[in-house]
Amino acid sequence: MIDPIALSLGPINIHWYGIIMGFAFFLGTYLARYNAKRSGIDPDHVLNMVVLIIPAAIICARAYYVIFEWDQYKDNLLSVFYVWEGGLAIHGGLIGGVLAGAWYVRKHNLPFLLLGDAMIPSVILGQAIGRWGNFINQEAHGGPATAEYMALFPAFIRDQMYIGGQYYHPTFFYESMWNLLVFAILMAMLYRFKRFDGQVLFSYLVLYSIGRFFIEGMRTDSLLIGGTLRVAQLVSLSLIAVGIILLIVFARKSRQSIQSHNTSE
């Protein structure tokens, strides 16, 4: 088992979860600046936005999780702030990040969809990296798995997923790999196949949510409504529908704009 504490400096413990999340934010910010510059947007805006987005995303991700797991925290309110122990809901983080980003974009009159296309690959890359924080904390795993099945994975994953005398499906790994695939698709779309602003952003909503819907069904720690409905699956289905509708609407507008331009010539 991997110790969740990477380093202790006197009374201060530095957790692997925090290190991994910090690396994800750093790499995502660097990539977003690069993509923004390639898209004709001042990359300094990305840094300014990140200062707002990161704390907003963390606060909302934690609040989202705590709301649905209130019984776990109501008797020890201080534990609400123990984010290094895990318990950050990605959908909550997305809500916080979008709200903070939208406020900044509106304040500085920036093109929301163009900037969203440039930044969203960083989000899915960060999600792929962040899932390894769940791995360290032995959370976000699936149900019981056989030793024969787990033998397909490297020893360090197999050993970390051996909890209480039982192997469990490394759903963190499944989602991380899916997110990396989505990242590759979005980057290819951004630089080779983009036809209209918002295409990459809306495609993220669809592609990420498809993977999350199916993987969520395997997990044992899902946030629930009414004790049976998985919150993440309901949100994923909603995002898939919204993403598809937006792709259709904006693709149609793009075609009409091109046709109108060709006609005027």
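User: What does Ala6 count as at 30% relative accessibility?

Analyst: Ala6 counts as partly exposed, because its relative accessibility is 30% and that class lies between the cut-offs of 20% and 50%. Please bear in mind that this is a predicted model. Ala6 belongs to strand β1, which covers residues 5–9.

User: At what angle do helix α1 and helix α2 pack?

Analyst: A helix pair is described by the angle between the axes, their separation and the handedness of the crossing. Helix α1 (residues 16–38) packs against helix α2 (residues 44–68) at about 145°, and the axes are 10 Å apart. Their crossing is right-handed.

User: Which residues of α1 meet α2?

Analyst: From α1 come Phe25, Thr29, Ala32, Arg33 and Ala36. On the side of α2 they meet Asp44, Val46, Leu47, Val50, Ile54 and Ile58. Sorted by class, this contact holds eight nonpolar residues, one polar residue and two charged residues. The spacing of such lists follows a general idea: an α-helix has 3.6 residues a turn, so residues three or four places apart point the same way.

User: What length does helix α8 reach, and what is expected?

Analyst: One compares the span of a helix with the span expected at 1.5 Å a residue. Helix α8 (residues 171–193) has 23 residues and reaches 31 Å from its first C-alpha to its last, close to the expected 33 Å.

User: Which residues of α8 are buried?

Analyst: They are Thr171, Phe172, Tyr174, Glu175, Ser176, Asn179, Val182, Phe183, Leu186, Met187, Met189 and Leu190. The elements that cover them include α1, α4 (90–108), α5, α6 (147–150), α7 (155–160) and α9 (199–216).

User: Does Asp117 count as buried or exposed?

Analyst: Asp117, in helix α5 (residues 112–136), counts as buried because its relative accessibility is 0%. A polar atom of the Asp117 side chain lies 2.7 Å from the backbone nitrogen of Gly198. Beyond four places in sequence, Asp117 touches Leu190, Lys194, Phe196, Asp197, Gly198, Gln199, Val200 and Leu201.

User: Which value of phi does Gln138 have?

Analyst: Gln138 has a positive phi of about 55°, although it is not a glycine. Ala140, also not a glycine, has a positive phi near 55°. Gln138 is in the loop between α5 and α6, and Ala140 is found in the loop between α5 and α6 as well. Gln138 is buried, since its relative accessibility is 17%; Ala140 is buried too, with 4%.

User: What does Phe250 count as at 23% relative accessibility?

Analyst: Phe250 counts as partly exposed because its value is 23%. Its place is in helix α10 (residues 231–264). Setting aside residues up to four places away in sequence, Phe250 touches Leu113, Phe196, Asp197 and Phe202. Sequence distance and spatial distance should be read together: Phe250 and Phe202 are 48 residues apart in sequence and 9.7 Å apart in space, C-alpha to C-alpha.

Key:
Residues numbered from 1 in each chain as written. Predicted model: local features only at pLDDT ≥ 70, side-chain atom pairs only at ≥ 80, totals over all residues. Heavy atoms only, no water. Axes fitted to C-alpha atoms, helices over the stretch in contact; angles between N-to-C directions. Helix = DSSP H or I, 4+ residues; strand = E, 2+ residues; numbered from the N terminus. Left-handed = near helix turned anticlockwise from the far one by under 90°. Contact = heavy atoms within 4.5 Å. Nonpolar A, V, L, I, M, F, W, Y, C, P; charged D, E, K, R; others polar. Buried < 20%, exposed > 50% of the residue type's maximum accessible area, 1.4 Å probe, protein only. Polar contact = N/O pair within 3.5 Å; in protein donor to acceptor, adjacent residues only side chain to side chain. Expected span 1.5 Å × (residues − 1).
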